[in-house]
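Please consult the sequence and structure shown below while reading.

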Amino acid sequence: MIEHGPLLERLLAGEFVCPISDESGYRHLTNEETREEIDTYLRPLNRRLASNEDGSVYFLAWRQLNDNARDQLSRQLGDTLNSLLPLLEWLQLVQEALGRDTLAAPGDVLKPAEFSAKCEDNQSLRERLERLATDSFFGSQSDQLDAQVKQVFKRLKEHGYLLQPHSERQVFVVTGKIDYLVDLVRFIRDEENLPIEEGSEEGSGSQEALL
Amino acid sequence: MSMGSNGEHALESRLLKTGSERLALLGKHADVLMQAYTRDEVPLESLSDSALRKLLAARILWRPDEQSGVKLAPKVRELIAEMLADETRRHVNADVAETLELIRALVHSYREARSRGEHWRLEQQLMRLRQEVDDLNGRFADAIDSLWQRLNSDFGFVSQLNDKIRENDRAQKQIARLLDGLALIDFDELIELVGSDGSLRKLLISQLQQQLSNHYTGLREVQRRLIELMARFRKQQARSRLISGMAAFMREHPGFVPGNYARRSEVPVLVNQAAPLSAAAAPALDRNLDSRLLAELLHQLPQPRHTTQTVEAAAPAQAQESSLAAARQQALKQDVEHFYMSVIDQPQAEPVSALEYLRESPLEWPDEIWLFQVISEYQGLPRSDQKAFRLKQQESQASQFNHLRLIHDVELQLAV
C-alpha cells in the first residue's frame, strides 16, 4: 500500500487522476487489484474510488451517503453549475480562436500567448474573452488582454482542467477532467431532457447537398 | 423593367457560353491535365501559349507563385480525384471478374498446348498467366497501400472534421468493394480448373491463395482501424455539438436549474465526488529514533530571518502598532522554538537553562518575557509532545506569608 501513498494523497485531496495529470498513478488504477486495495484502504474514510464511464479519469466518491455528505454534494453541485457556462464558453472560445473543429481534449497543448494573439486580432473574440475573464468564476480584475488570459488559465489550472508541466513556462496541457465535465453535461442533458442534439448529421448532410 | 429582364437574360446567356467554353477546355486538354494530375506540375512543352493562357484564365490551372511551375487548381485536382476514386472503386470488382475470365481462357489454351506438345506456346501461356496473377495482386496491394496512407495521415489532406468523416466513409466503401472483389475468386473452381498440373497449381492455388489471404488480412485490418478512427471522429463531433448546444441552451435559459441529484436515493456516480481531505502530518517526537532524525532535519533548515521591517512596511499606517506587537510576539515565539530545538540537539539529553541560553545568544528579550514564553510554549504542546520534554522550574517562595512562588529560571531537558 505504501507505494500508492502519493497517489492516495492526490485522490484524497480531491484531485482527478488521469493519464495526463499522473501517468503512473493512472496506470496503477487501471489494475483491478490495485483499485480493490485502495478501496479497502478508503473504507474507514467513507470514501471509494470512482471513475467516469470510459474510465479515463478517477476520483473519490462518498461510500455511504449520510446527511453531511449530501449537504456537501449539494453545495458542490451548485458550485459546478455556477461555473458550467463560463467553462463551456471557454471551451468554445478556444476552439474558435485556435481555428480547430474539435473541442480541447486531454493531452492538447494550449499556449496562453497564442490564445492572446488570436484574440487580439479579432474584435469579437476579444469581447467574448473580456466578458468571460471578468465573470465571477474567472474573476479577472484587469482590463489588459494578457492579464485576463493569464487569470483564465490560472483558474483553470486551479480547478484541475489544465496542467502546467513547467511552472516557469506558459504552456498548459488539457487534463482528463475535461472528459468528466463533458460527461456531466451529457448527464444533465439526459436527466433534464434538454433539447440538445449530439449525433445529428446536419453538418455533413447540408454540405453533401451542395455538391 | 423590361430593360432589366433583358439585361438578366443577356447575363445568363453569357454565363452559359463562358461555362460551356471552359468545360470544353477540360475535355480538349484532358491528356495534359491528367499528366499534371499525376506529376504535380503541368508539362508546359505540350501546351501552346494561347491554350495555357485560356486554362489560367478559366482557373483550371494556376501558378502558386512566380518561381513555381504551373499546377492544377486545387478544385480541379479535387474534382479529378473524386471522379477517379469512383472509377477505381467500380473497376476493382469488374477487373477481378475480367481477370478471372482471362485466367480461365489462358488455362484452357495452356492445357491445349500441353496436350499437343507445343512447348513454346506452353511457356508463352504460363508467362501470360504469371503476368495476370501479378497484375491482380498488384492492384489489391496498391489499393491497400493507398488506404493505409490515407488512414495514417488521419485523412490530413482534408482539414474539416466533416470532410474527414466523409473521406473515411468513402474509404470504408472502397474496402467493401475490394472485399467483394476478393470474394469473386473461388478456389474450389480454380482447383478444378488447374487439375493436376504442378506449375499451374503452384501459381494459381498455393501462391495466389497465400497472396490473397494476405490482402484479406490487410483489408480487414485497415477496415478495423478505419472504423475505430470513425468512432473517434464521431465522438469528437458529438462532444463539440453537445458543448455548443448546452452553452446555447444555458444562455437562452439563464434561470435553468437542474434537479438536485445529491438528494436522490441513488446518487449518480458523476455527481458523487467526496470532499477533499488532506493527509496532514506533523513532526512527532514520540519515537526516539524519529526524534534524532527530526532534530537533524530541523538543523538543516535554513535559519528563518526575522523580517519585522517588511511586515511593518506592508501594513497600513493605523494598524502599525498592533502589527508591530504581533510581529514581536511572532519573533519571540520563533526564538523560543529555536531554544526547544537546541534542547533536542543536546548530545546527552542534558538539561539546558533557559536564561543561560538567552545570555549566550545575541537575543535581547527581557528575562521575564523569555521565561514566560518558554513555559507557555511547553504548556501549548500537545500532551504527547509534552511527554518528550521535562521542564524543571527553579523557584522560591516569595515570602513566608503567602504561597506565591517566584520562578528564577527553567531548565528544559529531553525526556529519554
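Which pattern does chain A follow when read along the sequence?

## Overall architecture of chain A

The model discussed here is predicted. Along the sequence, chain A follows the pattern α-α-α-β-β-α-β-α-α-α-β-β-α-α. Its secondary structure comprises nine helices and five strands.

Chain A has 211 residues, of which 29% are buried. When contacts in this chain between residues at least 6 apart in sequence are considered, 48% join residues at least 24 apart.

## Contact between chains A and B

Chain A contributes 47 residues to the contact, and chain B contributes 37 residues. On the side of chain A that touches chain B, the elements giving two or more residues are helix 1 (5–12), strand 1 (47–51), strand 2 (58–62), helix 4 (67–97), helix 8 (177–192) and helix 9 (202–210) of chain A. Helix 4 of chain A provides the largest share of this side, 13 residues.

In composition, the side of chain A that touches chain B divides into 24 nonpolar, 11 polar and 12 charged residues.

## Packing of helix 4 against helix 6

Within chain A, helix 4 also meets helix 6 (residues 123–133), and the axes of these two helices come within 11 Å and cross at roughly 155°. Angles over 145 degrees count as roughly antiparallel, and helix 4 and helix 6 of chain A are therefore roughly antiparallel to each other. The crossing of helix 4 of chain A past helix 6 of chain A is left-handed.

From helix 4 of chain A, the residues in this contact are P86(A), E89(A), W90(A), L93(A), E96(A) and A97(A); they meet L125(A), R128(A), L129(A) and L132(A) of helix 6 of chain A. The residues of this helix contact divide into seven nonpolar, no polar and three charged.

## Nonpolar cores

The largest nonpolar core has 54 residues, and those with the most contacts inside it are V17(A), V152(A) and I243(B). Helix 4 of chain A supplies the largest share of this core, eight residues.

Leaving aside residues up to four places away in sequence, V17(A) touches L7(A), R10(A), L11(A), D22(A), G25(A), Y26(A), L29(A), V57(A) and Y58(A). Another core, of 12 residues, lies apart from the largest one; among its members are V336(B), L371(B), V374(B) and V410(B).

Notes:
Residues are numbered from 1 along each chain as its sequence is written. Chains are lettered from A and ligands numbered from 1 in the order in which they are written. This is a predicted model: local features need pLDDT of at least 70, side-chain atom pairs count only at pLDDT 80 or more; totals for chains, interfaces and linings use all residues. Two residues are in contact if their C-beta atoms, placed from the backbone, lie within 7 Å. Helices (H or I, at least four residues) and strands (E, at least two) are DSSP runs, numbered from the N terminus. Ala, Val, Leu, Ile, Met, Phe, Trp, Tyr, Cys and Pro count as nonpolar, Asp, Glu, Lys and Arg as charged, and the others, Gly among them, as polar. Axes are lines fitted to C-alpha atoms, for helices over the stretch in contact, and angles run from 0 to 180 degrees between N-to-C directions. Angles under 35 degrees count as roughly parallel, over 145 as roughly antiparallel, 65 to 115 as roughly perpendicular and the rest as oblique. A crossing is left-handed if the near helix is turned anticlockwise from the far one by less than a right angle, and right-handed if clockwise. A nonpolar core is a set of buried Ala, Val, Leu, Ile, Met, Phe, Trp, Tyr and Cys residues joined through C-beta atoms within 7 Å. A residue is buried if 20 or more other C-beta atoms lie within 10 Å of its own, exposed if 12 or fewer, and partly exposed in between; C-beta atoms are placed from the backbone.
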